[in-house]
Amino acid sequence: MEEHRQQKRKSDMKKIISLVLLAILTYSSSALGQTVQKITLQEAINIALENNYLLKQAENNLDLANKNIISEYADFLPSLSSSFSGSSGEGRTQIEVGDQIRSINVVSNSLRGGVSGSITIFNGFNNILTLRTSKTTKLSREESLQRAKENVMFNTATRFLQVLLDVQLLEIAKENLVTSQKQLEQVQAQVEVGSRPSVDLYNQEAQVANDELSVTQRENSLKLNKLLLIRQLQIDPVKDYEFVNPISDIENVSISFVDYNLQSLIDEALLGRSDIKSEELDIEGLKYQLLLTKARLIPTLSADFGISSSYADQRRFNGEPVSFGDQFWDREVGKSVGFSLNFPLFNNWNRISNIQSAQVNLKNAQLSLENSELQVRQEVTQAFNDYTSYKKQLQASEKSKIASEKAFETQQERYNVGASTLIELSQAQANYVSAQSNFTQAQYNLIFQEKLLDFYLGKLSGETIEF
């Protein structure tokens, strides 16, 4: 009987150990499945620069422009071609044998080969103009690539800052909820002892419910903006990410106010923006295109040369067959050199039409550049005005935050001693939370506006954004 009990105890112990091990394994698997990947701002920018498909297209366009330049250089070289042909035929022919003429069947084989080439001596500077066009196209593609990088960096930083702002606003909402819950406990205790009316308890419960709703709304906003940032980075949306704040203490961050000059900013943008440079280079390339179409009305001069030879097995010299070497490498070798002068007289008005089309394209590009410059002026002016406004907002919101905090603390003390109503306390608390949110938003807005100014000025030239 005792032995049976011991066996049962051992069996129960094994079951317990098995359950513990299973729990440990389950917890470990769950923990591994919930691994959070931390991403800093610089890492986010690097990921976006690596994954963005528009940036890859711009890089491909630049690579194609480089290959076109190599092709245009090759146009200055002579063109060469070779040909080789052979044939075999069978037919009857008549030959004289003594005093008689006989008809016999003859099989004849022949070979022919040669090399020919040509080189352009003058074609109205066509090759030179085409090369210059390709070089300006390459420079334009480089500027377009740089602007594409700036767009990716700016959009990534914008999404990143929005996520950080949502995190801060969520923390404020959670802290406010904790304060409301503590206030609810206090009111409940006071109602139970009869020092406060029951309506205060109901009002505070409603306040807690509203604060819980506010936390839920902030959480949803954070999730949405996280998803938008993940989409910008083009990474797996199923995984869990934590975006590290480059500003460790936003409350105590020192923000320096810069006194910008609007006209200086506009001049800097017009000189430094990559998209403006790209359009200017495109106009330069179109000017070369116009010269190129006009040059096609000029006569062209080219030189041609060639060498060829042939062999036929039926060929005779003094009645004796001639060998392949004597024919192909000696007797049948032919050489030629010539010049070709071409005068364009009439081509169904196509050349004139091409010139007119090139002129229109140039005018449209110049109009587009003027519009882009006007847009730059508008963007910089708006960013400058917003920066000035956000400076004032930050200063005003900081004063409001300090004043509302003191007002809330005062109302809390008055409520505790019965000198204030719950409605007054709730209003003071709501004002304080609103002031906190406004101050945090003002800080992030000003930081964002500084980077927006850099973007509009074309100053995001590297691959990093500092705060």
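Me: How are helix 5 and helix 10 oriented to each other, roughly parallel or roughly antiparallel?

Reply: Please keep in mind that this is a predicted model. To judge an orientation, one looks at the angle between the axes, and an angle under 35 degrees counts as roughly parallel. Here the axes of helix 5 (residues 198-233) and helix 10 (residues 422-457) come within 10 Å and cross at roughly 15°, and helix 5 and helix 10 are therefore roughly parallel to each other. Their crossing is right-handed.

Me: Which residues make the contact between helix 5 and helix 10, and how do the residues of that contact divide into nonpolar, polar and charged?

Reply: Helix 5 contributes Asp200, Asn203, Gln204, Gln207 and Asp211, while helix 10 contributes Leu422, Ser426 and Gln429. Sorted by kind, the residues of this contact divide into one nonpolar, five polar and two charged.

Me: How many helices and strands does the protein chain have?

Reply: The protein chain has 10 helices and eight strands. Of its 467 residues, 33% count as buried. Another way to read the fold is through contacts between residues at least 6 apart in sequence, and of these 82% join residues at least 24 apart.

Me: How should I read a salt bridge, and how many salt bridges does the count come to?

Reply: The general idea is that side chains of opposite charge can pair when their charged atoms come close. In this model the count comes to nine salt bridges. One of them joins Asp259 and Lys391, with the closest N and O atoms 3.7 Å apart. Asp259 lies in the loop between strand 4 (240-243) and helix 6 (262-272), and Lys391 lies in helix 9 (residues 350-416), so the pair ties together parts that are 132 residues apart in sequence.

Me: What distance separates the closest N and O atoms in the salt bridge of Asp454 with Lys459?

Reply: In that pair the closest N and O atoms are 3.9 Å apart. Asp454 is buried, with a relative accessible area of 17%, and Lys459 is partly exposed, with a relative accessible area of 44%.

Me: Where is the place of Arg273, and which residues does Arg273 touch?

Reply: Arg273 sits in the loop between helix 6 and helix 7 (274-295). Leaving aside residues up to four places away in sequence, Arg273 touches Arg147, Val376, Glu379, Phe455, Tyr456, Leu457 and Gly458.

Me: How many residues apart in sequence are Ser144 and Asn61, and what is their distance in space?

Reply: Sequence separation and distance in space are read side by side. Ser144 and Asn61 are 83 residues apart in sequence and 9.5 Å apart in space, taken from C-alpha to C-alpha. Ser144 belongs to helix 4 (residues 126-193) and is partly exposed, with a relative accessible area of 31%.

Conventions: Residues are numbered from 1 along each chain as its sequence is written. This is a predicted model: local features need pLDDT of at least 70, side-chain atom pairs count only at pLDDT 80 or more; totals for chains, interfaces and linings use all residues. Side-chain values use heavy atoms; hydrogens and water are left out. Axes are lines fitted to C-alpha atoms, for helices over the stretch in contact, and angles run from 0 to 180 degrees between N-to-C directions. Helices (H or I, at least four residues) and strands (E, at least two) are DSSP runs, numbered from the N terminus. Angles under 35 degrees count as roughly parallel, over 145 as roughly antiparallel, 65 to 115 as roughly perpendicular and the rest as oblique. A crossing is left-handed if the near helix is turned anticlockwise from the far one by less than a right angle, and right-handed if clockwise. Contact means heavy atoms within 4.5 Å. Ala, Val, Leu, Ile, Met, Phe, Trp, Tyr, Cys and Pro count as nonpolar, Asp, Glu, Lys and Arg as charged, and the others, Gly among them, as polar. A salt bridge is a side-chain nitrogen of Lys or Arg within 4 Å of a carboxyl oxygen of Asp or Glu. Buried means under 20% relative accessible area, exposed over 50%, partly exposed in between (1.4 Å probe, protein chains only).
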